[in-house]
Amino acid sequence: MSKQASVHFHRMKDMPSTHLLGTGTPMCAGCGGLETLHTLYDILGKKTVFVNAAGCMTLLSVYPFTPFRGGWLYTSMASAPAGAQGVRDAVDILLKKKKLPPEEDVEVVVITGDGSAYGMGMSATSGAMDRNLDFIYLCYDNEGYGNTGQQYSAATPHAALTSTSKGSHGYPGYKKDLFSIWAAHNPAYVATVIAAEPLDLAKKVEKLQTMTGPRMLLSLAPCPTGWDYDPELSVEIGRLAVQTGVWPLKEYIDGQVRHTKVPKQRKPVDEYLQLQGRFRHLFEPQRDATGIAEIQARVDSYWDKVDSQ
Amino acid sequence: MSGKLLTGNSAAAWGARLARADYIPAFPITPQTEIIEDLAAWIDRGEMDARMVTLESEHSMITAAGSAASSGVRVFTATSSQGLLYGMEMIYTVAGWRTPFVMVNVSRGLASPITLESDHNDIMAARDSGFLQIHCATCQEIADSVLIAYRLAEHADVRVPAIVNLDGFYLSFTREPVDLPDASKAQAFVGDYDPENLQFRGNSPLSQAMAVLGGGPYSYFRYEAHLALQQALTVYDEVAEEFAGIFGRHYPMLDCYCMDDAEYVFVMIGSFSTKARDAVDGLRAAGWKTGLLRPRLFRPFPQTQIRALLQGRRAIAVIDQNISMGMGGVLHSEFAMALYAATGAPILASYIGGLGGRDISQQEFFAIADELRQAHESGVTPPPRMLYTDTELTEMRKLQAIAQAEHAEIHQP
């Protein structure tokens with residue numbers, strides 16, 4: 001893929017004013033993953049092939065309809081990056097053999113949920129990074145197996161109620177640090193993003209467009225159905241995830257991690273947690289001060305390490 | 001015999017080279033690995049203009065094979081046994097994508113217990129997937145079948161992937177003289193890959209492998225794939241005839257040996273059928289009218305042709321190198337289906353042998369023939385048999401005695 005930056009995103013008015021992805025998709029109202037996809041797609045443009053792993057977004061293209069202006073290939077839960085490998089290699093072969101003119105080149109984008117990215121698809125993702133595959137990878141992370149009714153996954157945060165962790169203390173485990181696992185492969189680019197911070201997201205997409213190799217995006221995807229909140233709160237919850245420090249926005253290039261939007265004064269995690277039904281047991285019937293303090297301590301500990309760097 | 005001494009694996013690699021495969025997603029597994037090593041060496045030396053990528057699993061390998069074929073290039077890949085099963089989700093999936101490419105499977109028994117040697121349970125697991133299946137008995141046939149498989153898979157009336165199957169060790173590592181097709185003739189025979197509507201392009205949107213809602217559209221696409229495989233029966237004859245015209249080697253979908261006047265027939269697939277061929281020679285020398293029927297094309301299944309060939313024979317022994325647990329031999333049940341309610345249907349007996357590379361001796365073939373003759377005379381079909389000798393059982397008992405002694409020693413108080 002020829003590398004060029006199309007626009008420069010400094011202010012909100014620089015953002016594309018219309019969406020490339022068609023309307024009427026079966027995604028839930030307020031889907032944080034879909035919002036990230038909109039921004040990514042608007043900037044990348046239609047010369048893309050999305051290679052999909054089993055997840056919520058599989059339902060974007062249901063025969064005979066598709067919201068995409070470019071390509072779409074559904075693969076399986078485990079092997080979307082391998083599907084991307086085949087498409088990228090085939091297109092490269094055709095370009096090299098001059099069976100495809102350069103203007104027909106495509107950007108290959110894997111689109112996968114956290115169920116695949118953090119678990120079943122991890123081997124294929126790791127393999128694609130090993131092979132330095134020239135592709136973009138978007139994980140929309142709604143912190144559970146959302147498409148099957150929000151069972152806990154390796155992306156589920158501590159204490160969250162899911163449909164397989166309904167006990168009074170929620171999910172006992174801790175969210176896996178996928179960003180670091182990816183970064184350990186030293187790919188061209190790794191970033192965390194969230195649709196509620198569109199400028200940060202747009203700048204990152206703009207940056208990765210100029211690069212070759214594996215470009216990995218991990219988007220927290222607020223999920224009204226899975227996290228149990230009103231869809232109109234998606235953007236607010238997304239912003240609070242950043243402002244409380246729960247979801248650090250950062251990027252990895254050449255061995256260096258840089259935080260791209262450091263909250264000056266972090267809000268208490270309560271503000272993020274209490275808007276979501278999955279954490280309501282921390283506040284009702286009475287406040288679980290210990291549980292909340294533990295979550296706060298983990299967030300503080302993360303940022304203490306960042307500050308000391 | 002003329003030709004170059006090649007292992008079955010090398011013959012398979014030559015097939016891919018002569019078909020001018022553009023792309024080879026790969027993953028090593030015994031006894032297939034030599035195929036990808038040969039291809040890698042040719043690509044490294046600039047003797048083959050292809051790209052090879054080693055994936056991190058067969059599941060990914062088959063995904064990449066399907067997605068590359070969906071993007072407009074000719075694809076070759078190879079696997080075996082556990083690898084085929086590890087990739088099985090994608091075997092079914094990419095067949096549904098209707099992407100033509102060729103995969104060689106080097107048959108090897110399945111775990112458990114884990115083993116390296118050959119039988120056909122691996123390839124039988126792919127039976128219902130939507131892949132075409134061509135089964136080989138010689139190294140010559142392997143190279144030729146890869147070329148035929150591309151023509152068949154890529155044919156406008158077919159458009160599904162194909163498996164060319166060969167037996168681990170017995171063919172994979174056995175050198176036989178192979179008369180390699182002339183490169184330019186092979187090129188003319190196989191032709192250029194026509195991706196038809198399977199290609200991702202920057203300026204022409206395309207969705208592939210989409211979800212469907214409801215049984216109506218789902219059934220439609222599944223039926224379409226089934227009908228495409230059935231159309232391959234007609235196409236196969238055309239392609240095999242054209243191949244024979246150019247290269248002088250005939251590959252009918254049902255390979256018949258001494259079948260014209262045969263009263264008693266062995267049915268086998270793969271390289272072990274050459275043992276049955278020897279037995280036919282021995283039995284004919286003793287005055288028995290025996291023959292061998294070897295289905296080369298297993299999917300689509302040439303049901304009508306089998307029925308026509310076997311009607312009026314006295315008795316058939318289907319010798320399966322696979323075992324469907326709780327049922328028996330897979331090939332036997334398919335032959336029973338082909339012969340059901342046929343007028344003059346012969347007695348159909350089931351034998352299982354050759355599991356995990358176990359030999360089938362000439363004496364066993366003779367005993368089977370004898371049993372067929374008795375069945376014909378009595379009119380009673382013999383019960384299904386699992387071939388195993390007293391000597392083998394004695395040897396097995398010795399191993400068990402050692403295992404028990406070891407166990408007792410470890411658990412001594």
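Predicted model: local features only at pLDDT ≥ 70, side-chain atom pairs only at ≥ 80, totals over all residues.
Helix α1 of chain A spans residues 32-44 and helix α6 of chain A residues 198-209; helices (H or I, at least four residues) and strands (E, at least two) are DSSP runs numbered from the N terminus. Their axes come within 10 Å and cross at roughly 40°, the axes being lines fitted to C-alpha atoms, for helices over the stretch in contact, with angles from 0 to 180 degrees between N-to-C directions. The two helices are therefore oblique to each other; angles under 35 degrees count as roughly parallel, over 145 as roughly antiparallel, 65 to 115 as roughly perpendicular and the rest as oblique. Residues of α1(A), including A:Thr36, A:Leu40 and A:Leu44, meet a set in α6(A) that includes A:Leu201 and A:Val205, contact being defined by C-beta atoms, placed from the backbone, within 7 Å.

In chain B, the axes of α1 (residues 8-18) and α7 (residues 139-154) come within 8 Å and cross at roughly 25°. These helices are therefore roughly parallel to each other, and their crossing is likewise right-handed. Among the residues that meet here are B:Ala11, B:Trp14 and B:Leu18 from α1(B), and B:Ile142 and B:Val146 from α7(B).

Strand β2 of chain B (residues 23-26) is covered on both faces, with B:Tyr23 and B:Pro25 buried on one side and B:Ile24 and B:Ala26 buried on the other. A residue is buried if 20 or more other C-beta atoms lie within 10 Å of its own, exposed if 12 or fewer, and partly exposed in between. Four bridges link β2(B) in the parallel sense to β3(B), residues 51-54; strands pair if DSSP finds at least two bridges between them. Within this pairing, B:Tyr23 has B:Arg51 as its bridge partner, and B:Ala26 stands opposite B:Thr54.

The contact between the chains takes 37 residues from chain B and 38 residues from chain A. On the chain B side, β2, β3, α3 (58-69), α5 (88-96) and β9 (207-208) each supply at least two residues, and the largest share, eight residues, comes from α3(B).

An open sheet of nine strands with mixed pairing runs from β8(A) to β9(B). These two are the edge strands, each pairing on one side only. Two bridges join β2(A), residues 71-74, to β9(B) in parallel, with B:Gln208 as the bridge partner of A:Leu73. Helix α8(A), residues 234-243, packs on the sheet and touches β5, β6, β7 and β8 of chain A, its direction making about 125° with that of β5(A).

Key:
Residues numbered from 1 in each chain as written. Chains lettered and ligands numbered in written order. Left-handed = near helix turned anticlockwise from the far one by under 90°. Contact = placed C-beta atoms within 7 Å.
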